[in-house]
Amino acid sequence: MGLFDKLRGGSDDRVVFLGIDGVPYELIDDHPDVFENLHAIAEEGASGQIESIVPPESSACWPSLTTGQNPGKTGVYGFQDRERDSYDTYVPMGSHVEATRLWDLVTEDGRDATVLNVPVTFPPSSRIQRQVSGFLSPSIEKAASDDEVRQTLERYDYAIDADAKLGHDDDKTAFIENAHETLEGRRKVFEHYVEADDWDLFFGVFMTPDRVNHFLFGDYATDGEYAAEFLEFYRELDAAIGAIRDRLDDDTELVVASDHGFTREEFEVDVNRWLEEAGWLSYAADADDPDGLEDIADDARAYSLIPGRLFLNLEGREPRGSVAEADYEDVRDELIADLESLEAPDGRAVCDRIVKGEEAFSGNHTDIAPDLVVIPADGFDLKAGFGTDKDVFSEGPRNGMHKFGNASLFTTDADVTVGDDVNLFDVAPTILDQLDVDADRSAFDGESLRAD
């Protein structure tokens, strides 16, 4: 009998989910000495590489992972989305997520859920046991669902996010120290609530790996200046996962997953600048300093939002649309051809593949979906400034970028199989299956990975 059996006196199945934002499977697989605990989890249960979503951007990924549904159903496509029938844009928050989160399904089933640091969950929900909102929360006080939670966060020096601005410095020492401090505060709070032993679903996300990857992954990939510090951070992350695993009993499954992978970044690619140079995008004559969609000209035919989302300036959908609906397919095919010809200064193709909107998105919220999404080749991080005078290709402070194809999934559950066609949409139905929560499987774009 394990610790939790002694405390609870029951044996209901429970799940701990730990998100490791942006951690690629190959990194873990290639370093068993760094990731001893994750390798032990794989040996006990199952593990494998999984696909992210289109586009592989955290603000879109976490709503999809936590609902099992694509952005056409969640209503969140990226860090910046556009208003319907407008050129105005907004930053999606938790209140913008239209699909039902898995912890709400757990609560509706009469169970309890503790949810900590999940991106795109602000403001915190009052419908579940306790919650700390994650990425983009304005403060600890506002991120905490109640005073007890707030006091716990303050006691452990919890930070909502690492200070990414420090990563812009040539000397990464302060950034690395801050990343470790953020990880330590997260670990302490996670352990505190795991040990509270009053939940059926514990769902917590470590987002700091994403920050570390953005500024140090290139060092790791090239054996650069901070390669050793990069791996040491991950040794600490793996130890935190192991410490939580050690606190779980035999009736509690552990699931660890990332929302997207990572690879080395070599160039930032300003897609709107390229569209402007290629004759697709122009700005209004009275826009002295264009800084958004509202400044594009009436004759503009296309524009982009990060990451790699392209929209035609469509008549009847955009306020000043210039592309007639009857010409939509021909114009989109022309844009695809131009994108396929886009090459870096060294001659490499920028686009790995180009996905049409209807191939990736379905649901009640496709009216704000992009017409195309570019999945870039490794090394090319797609940006989308407006009215900038920078070159299409430039080098920024980051040396790591998101990747579609090498996200991670690990679980202690030996009934799970991680095959070749697993993706982010499969995570939520798998967790609900592990919890034995009856949910409408037709609502999911994925399916449970557990054996029937």
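## A viewer tour, strand by strand

Start by selecting strand E10 (residues 267-270): together with E16 it makes an antiparallel pair over two bridges. Two strands count as paired if DSSP finds at least two bridges between them. Pick Val 269 next, and you will find Phe 393 of E16 standing opposite.

Before going on, two notes on what you are looking at. This is a predicted model, in which local features need pLDDT of at least 70 and side-chain atom pairs count only at pLDDT 80 or more, while totals for chains, interfaces and linings use all residues. Numbering runs from 1 along each chain as its sequence is written, and side-chain values use heavy atoms, with hydrogens and water left out.

Now zoom out from E10 to its sheet. It is an open one of three strands in the order E15-E10-E16, with mixed pairing. Strand E15 (380-383) and strand E16 (393-394) are at the edges with a single partner strand each, so one side of each has no neighbour in the sheet.

**Colour by confidence**

Switch to pLDDT colouring (the predictor's confidence in each residue, from 0 to 100). The chain has a mean of 95, and 98% of its residues reach 70 or more. Residues 1-11 are below 50, and beyond near neighbours in sequence this stretch has 22 contacts in the model (heavy atoms within 4.5 Å).

**Strand E7**

Select residues 201-206. Are they buried or exposed? Six of the six residues in E7 are buried, meaning under 20% relative accessible area, with exposed being over 50% and partly exposed in between (1.4 Å probe, protein chains only). Leu 201, Phe 203 and Val 205 are on one side, Phe 202, Gly 204 and Phe 206 on the other, and both faces are covered.

**Salt bridges**

Show side chains and look for a Lys or Arg side-chain nitrogen within 4 Å of a carboxyl oxygen of Asp or Glu. By that rule there are 37 salt bridges.

- Arg 187 and Glu 184, with closest N and O atoms 2.5 Å apart. They are three residues apart in helix H9 (residues 173-196), so about one helical turn separates them. Glu 184 is partly exposed at 26% relative accessibility.
- Glu 276 and Arg 273, at 3.3 Å between the closest N and O atoms. They too sit three residues apart, in helix H12 (residues 271-277).
- Arg 317 and Glu 318, at 2.9 Å between the closest N and O atoms. Both are buried.

Shared partners join Glu 184, Arg 187, Lys 188, Glu 191, Glu 195 and Arg 247 into one network.

**Last stop: the largest pocket**

Which residues are closest to the centre of the largest pocket? Select Glu 57, His 214, Lys 383, Arg 398 and His 402, out of 32 lining residues. Helix H10 (208-222), strand E14 (372-376), E15 and strand E17 (400-403) each supply at least two residues of the lining. On a 1 Å grid over the protein atoms alone, a pocket is an open set of points where a 1.4 Å probe fits, with protein on both sides within 12 Å along at least five of seven lines, and lining residues have an atom within 4 Å of a point.

Terms used
Helix = DSSP H or I, 4+ residues; strand = E, 2+ residues; numbered from the N terminus.
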